[in-house]
Amino acid sequence: MNDMRLIQRTVDMHETKIRASGVDVFYGDNHAIKDVSVYIEDKTVTAFIGPSGCGKSTFLRCLNRMNDTIPICRVTGKITLDDEDIYDPKVDPVQLRAKVGMVFQKPNPFPKSIYDNVAYGPRIHGLAGDKSELDEIVEKSLRRAALWGEVKDRLAEPGTGLSGGQQQRLCIARAVATAPEVLLMDEPCSALDPIATAQVEELIDELKQNYSVVIVTHSMQQAARVSQKTAFFHLGNLVEYGETGKIFTNPEDSRTESYITGRIG
Amino acid sequence: MTLTWLVLAVLALAAVGYVMGRSRAMASAGGEIRALHSLPRYYGWNVALTVLTPAFGLMALWLLIQPVFIDARISSQLPDAAVSETTTRSLVMSDVRRVAEGLGQIGASKPESDPDEEYLSDLKSRLGGAGVALASDIDPAVYLAAERYRAGTAIGASLMWVAVLAVAVGGFAVSYLLTNKDFRARNTVERGILLVLIAAASIAILTTLGIILSMLFETRHFFADHPWQDFFLGTVWSPDFRGDSQLAILPLLWGTLYISLIALLVAVPIGLFAAIYLSEYATPRVRALAKPAIEVLAGIPTIVYGLFALITIGPMLRDYFAQPLGLGDSSSSVMTAGLVMGIMLIPFVSSLSDDIINAVPQSLRDGSYGLGATQSETIRQVIIPAALPGIVGAILLAASRAIGETMIVVLGAGAAAAQFDRGIGELVNPFEAMTTVTVKIVSQLTGDTDFASPETLVAFALGLTLFVITLGLNVLALWIVRRYREQYE
Amino acid sequence: MTDMTAGASAAPKSSLLAQDERTRRRNAAEARFKLYGVIAITLAIVALLFLMVSIMKNGSGAFFQTFVTLEVELLEDKLDKNGNRDPAEMAKVTTFGYSPLIKDAMAKVVADNGIEIDGLKKPEDLISKEAAAQMRNFVLAHPEMVGETRPFEFVASGRIDGYYKGRVTMESAARDSNISPEQLQLADALKAAGALETRFNWSFITWPDASENRPEVSGLGVAIIGSLYMMLVVLALALPIGVAASIYLEEFAPKNRFTDLIEVNISNLAAVPSIVFGILGLAIFINFAGLPQSAPIVGGLVLSLMTLPRIIIPARAAIQAVPPSIREAALGVGASKMQTVFHHVLPLAAPGILTGLIIGLAQALGETAPLLLIGMVAFVREYPAGPPEGLFDPATALPVQVYNWTQRADPAFVERASGAIIVLLVFLMVMNTLAIILRSRFERRW
């Protein structure tokens, strides 16, 4: 398997990381996601776009079973990660979420120090053997999130004291520190100013070298800038999925075109 | 009864004022309501309130000041000879007041000549018949003072009638004359009502002032008789009504804190885990059943817990723990009181913690779950640290409750003060009976009390200390909780 | 960037379907943690049930009373020597004059039923000492009955009552100076003959307190009236003052230091130990203002001050919950601020205010400590007069009566105290249920 992946990477053909087929999601009586099938490639940025309430965030939360924390939410259909069904009763959502990390819409650093925020994941998953390994993971993660230079002298200060953009990058560092295989981002820039947004977008572009990134976004420009694949959701349906360039220049479905040209939103 | 009549007279005047004020306003507008500035009833209310407020205010003030004034005057006229060595002036004055009151009850008229022995002893038995029991024979000086007291009170009462009625009529006249169609009656009435509202809100301040002043006043008396060093720094509590008491707060404080500690050791883990379970794990159905059940514990009066300690927990602990372990054979003990108080505090800790845990934003939970943390890891490492200040505040409030709790310790903890000279073993033995500050306040202030002796007055010093400690804890706790809430708003 | 690999990508790939050792450990910790929660809840509920069961078990006996029915001859020469049936004259015969009649009646019933018990002494001790007074009251109320023989139902003595409630046994009676095993045998014989029975009895709630050695006739009458009077005072004072203060603080108070001072005071007063209010009452209302000790008016005043912050806090919340749009609507049609509040805000907030009031009253009803200090522990047998004069008469209160009974030696008073708690809890339950109904019926969500 590993060898095969190496070969595929060189030819710029990405293996499918996540495959969803026939997924339906219900909130109580509300049918939020209707029969969605999609595959997400490794080492690729996939963007979910669509008007508000179209179900893109809900679908994203299915991918690491975050919907489990909502009692009235019910998911049917099949979602696999590396060909293993993530809704299999034998799967522990805790283990799944270690592999499929998530960054949220609003920066939500824990009320702890910057260091402890990043070290939280490695600690609970036992990724570091000793303190120096943990230090190393923290530093690497912060570097990867392009935050190291700004915070390296104040790792002991609370994470809540950072600016909005820094907080969001701290959350990304926190997610990266767990060494996930997939990173889900739920509108990661919606609470940020344009400069911070640019920094995060740059970061996403770099992250795709190691991870499969799925990003939900409201901004079509952002989707166009950072993603290779785009999925367009509308009223709980997956309307169209394909290469980002194609979706934005030559959509097949009229609804996609209406959305992109600003007629539905 | 005369007071009732005065109240009724003022009320009647106010009622007349309402009707007359209303009709005068109507008349000034020529019966045309639209010409009036305010609705007619406001003109009526204006007159009525101007009659009532100053009159009742004066009456209240008068009733408050008159006894003090008369007391001071009679007391200063009382010859020194009337105050024998065994009593104090204030005790004699209380006799004077009681005799005066008794004279009023039996309706005795003043005799023509100065009263002789025979008249006084007859008077004593007559007073006894009216329910005014006097310890000794009536001293002639006391009798004379009592007569003067009665006369002074009577004059005071008549003067009050005159003054109150004059103010009422004056208010009536002024407001009636002011009434015409352009008078802004509604604004005036509303300003009056606002003043009433402000007065009602100020009662909270007055209560606190009353608490502090009354206790300070009596505590000062106590410290005049008893050195403060002995009270705060002494180590022995042994009151003796024959005098020569040792009244130190430390032994009582030790009992109070020890019992509170046990109570918190019971209540905090149970309350906190119950709150965590209910807010993070419980299904809506379990929550709907368990939460009210725990809150029932909060609605149970403390006397019920006290009885529970006395008749159930105390004997149980004695029979199954203290005696087999050889730790004592008293059913009232630190453990009994602490355990039951702990049960009482469970809902207190759990409902406060529940609120506080629920105030932790969902985004923090999501963040932690998103990293693959289990629910308990999220709770222990994210939610509890985030909620910590609030939980500390809740625990402080619970501690303040425990320290001020009375009935459970009165019935469950025992009456013997901790004895520091008996060694540490007895001090920390939780099955030893031990008394607290509140128990001693109750025991020193119930039964026959003599407000001149330090043994009684010490209760006020204890009360003041208790008030200061709990106030400190409350202020600190409320401040912490408020800051905590602001953090997440 | 590219030369860095994340910490764990080097680690071997793990399957989702197999739990690794660490995850198993973490899940076990999770289960343990959850179990602690379940244990905590269970402990709390078990404590509640244990408390309830203990009180019920100890207290239910108070509502049952053992009675002995005797045919008593109301002898004229003992009760009315002059034979003119003048109650004033007959009142000169004290209860001591009635005791022999009861003694004779007892001897007669023993003889009539052919009961023979070796070593039986003083069979009349089966009857409460209160019986003579009971008979005297009856005779003075019905002087014409003198000379007749009529059945009287007397309360059995505390020990006999305790025998049928399991408190007294043959063994304990052998060691007891107040009762003998023979007397217990007699009681059993009388029960078989139908002259003695234990049955449900409401008098516990209506009788006044009784002295130390007559637990069988002690009741809650005075205490219930006292508590009722105090609640009336609290209602009359705390409701208007509390509502007025809440209105001021929510609707009119400017943001300044005076308002802050009031706010701080209210929140602190809500947490001041109740006994401190007792000290306040003693110092201000009794020592300074000279109001009588043991009087419901003083108790009511103290409880009002104590309850005030507990009423103000929910009342403010209720007023706050009325949406601003309602105020704007009223102000918009030209109502004054005062009219807006009294015509619109207050009626809408009323259910919330009432709920808070009832809960505050319930708390006040159960409060004991401050009442001890203002002399409500006194032994009071006289029912207070009707209000308003009765507010100044000595009385006790329900929770204080409980305390009072716990201080007495006779174990029968434990049953009485627990019985009083049951009565208290029933009152509280009714009040709280009322509050819950009010809240669910009238609560509005905006």
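This is a predicted model: local features need pLDDT of at least 70, side-chain atom pairs count only at pLDDT 80 or more; totals for chains, interfaces and linings use all residues.
Which residue in E2(A) is the bridge partner of Phe26(A)? The partner is His31(A).

## A sheet in chain A

Let's look at the strands around that pair. Strand E1 of chain A covers residues 16-27 and strand E2 of chain A covers residues 30-41; eight bridges hold the two together in the antiparallel sense. The hairpin that E1(A) and E2(A) form has two residues between the strands, and Gly28(A) takes a positive phi there, near 60°.

E1(A) also pairs with strand E4 of chain A (residues 73-81), again antiparallel and with eight bridges. Arg19(A) lets you follow both pairings. In E2(A), the bridge partner of Arg19(A) is Tyr39(A); in E4(A), the bridge partner is Thr80(A).

Put together, the strands make an open sheet of four, in the order E2-E1-E4-E5 of chain A, with antiparallel pairing. E2 and E5 of chain A are at the edges with a single partner strand each, so one side of each has no neighbour in the sheet.

## Two loop residues with positive phi

Lys43(A) is one of them, with phi near 50°. You can find Lys43(A) in the loop between E2 and strand E3 (45-49) of chain A. Is Lys43(A) buried or exposed? Lys43(A) counts as buried because its relative accessibility is 14%, below the 20% limit for that label.

Asp82(A) has a positive phi of about 50° and is not a glycine either. Asp82(A) sits in the loop between E4 and strand E5 (84-85) of chain A. With a relative accessible area of 15%, Asp82(A) is buried.

## A buried arginine

Further along chain A, helix H7 (residues 164-177) contains Arg169(A). Arg169(A) is buried, with a relative accessible area of 3%. Leaving aside residues up to four places away in sequence, Arg169(A) touches Ala145(A), Ala146(A), Leu147(A), Glu150(A), Gln199(A), Val200(A) and Leu203(A).

## How the chains meet

Now for the interfaces. Between chain B and chain C, about 6400 Å² is buried, and carbon and sulfur atoms give 80% of that area. The contact involves 79 residues from chain B and 75 residues from chain C. One salt bridge is counted between chain B and chain C: Glu377(B) pairs with Arg26(C), and their closest N and O atoms are 2.7 Å apart. There are also 11 residue pairs in polar contact between these two chains. On the side of chain B that touches chain C, helix H6 (residues 185-225) of chain B gives the most, with 19 residues. That side of chain B divides into 55 nonpolar, 19 polar and five charged residues.

Chain C also meets chain A, where 19 residues of chain C are in contact with 29 residues of chain A. These two chains bury about 2100 Å² between them, with 52% of it on carbon and sulfur atoms. Zero salt bridges are counted between chain C and chain A, while eight residue pairs are in polar contact across this interface. On the side of chain C that touches chain A there are seven nonpolar, eight polar and four charged residues.

## Salt bridges

Side chains of opposite charge can pair when their charged atoms come close. Over all chains, the structure holds 41 salt bridges. Here are a few of them.

| Salt bridge | N to O distance |
|---|---|
| Lys208(A) and Asp205(A) | 3.1 Å |
| Lys291(B) and Asp354(B) | 2.6 Å |
| Glu153(C) and Arg199(C) | 2.5 Å |
| Glu377(B) and Arg26(C) | 2.7 Å |

In the chain A pair, Lys208(A) is partly exposed at 22% relative accessibility, and Asp205(A) is partly exposed at 36%.

The chain B pair, Lys291(B) with Asp354(B), has a salt bridge of 2.6 Å. Lys291(B) is in helix H9 (residues 284-299) and Asp354(B) is in helix H11 (residues 334-359) of chain B, so this pair ties together parts that are 63 residues apart in sequence. Asp354(B) counts as buried, at 2% relative accessibility.

In chain C, Glu153(C) and Arg199(C) form a salt bridge of 2.5 Å. This pair links strand E2 (residues 149-155) to strand E3 (residues 196-200) of chain C, with the two residues 46 apart. Glu153(C) is partly exposed at 32% relative accessibility, and Arg199(C) is partly exposed at 26%. Back in chain B, salt bridges with shared partners join Arg287(B), Lys291(B), Glu295(B) and Asp354(B) into one network.

Methods:
Residues are numbered from 1 along each chain as its sequence is written. Chains are lettered from A and ligands numbered from 1 in the order in which they are written. Side-chain values use heavy atoms; hydrogens and water are left out. Contact means heavy atoms within 4.5 Å. Buried area is the accessible area (1.4 Å probe) that two parts lose on being put together, summed over both. A salt bridge is a side-chain nitrogen of Lys or Arg within 4 Å of a carboxyl oxygen of Asp or Glu. A polar contact is a pair of N or O atoms within 3.5 Å; within protein, one must be able to donate a hydrogen and the other to accept it, and residues adjacent in sequence count only if both atoms are side-chain atoms. Ala, Val, Leu, Ile, Met, Phe, Trp, Tyr, Cys and Pro count as nonpolar, Asp, Glu, Lys and Arg as charged, and the others, Gly among them, as polar. Two strands pair if DSSP finds at least two bridges between them. Buried means under 20% relative accessible area, exposed over 50%, partly exposed in between (1.4 Å probe, protein chains only).
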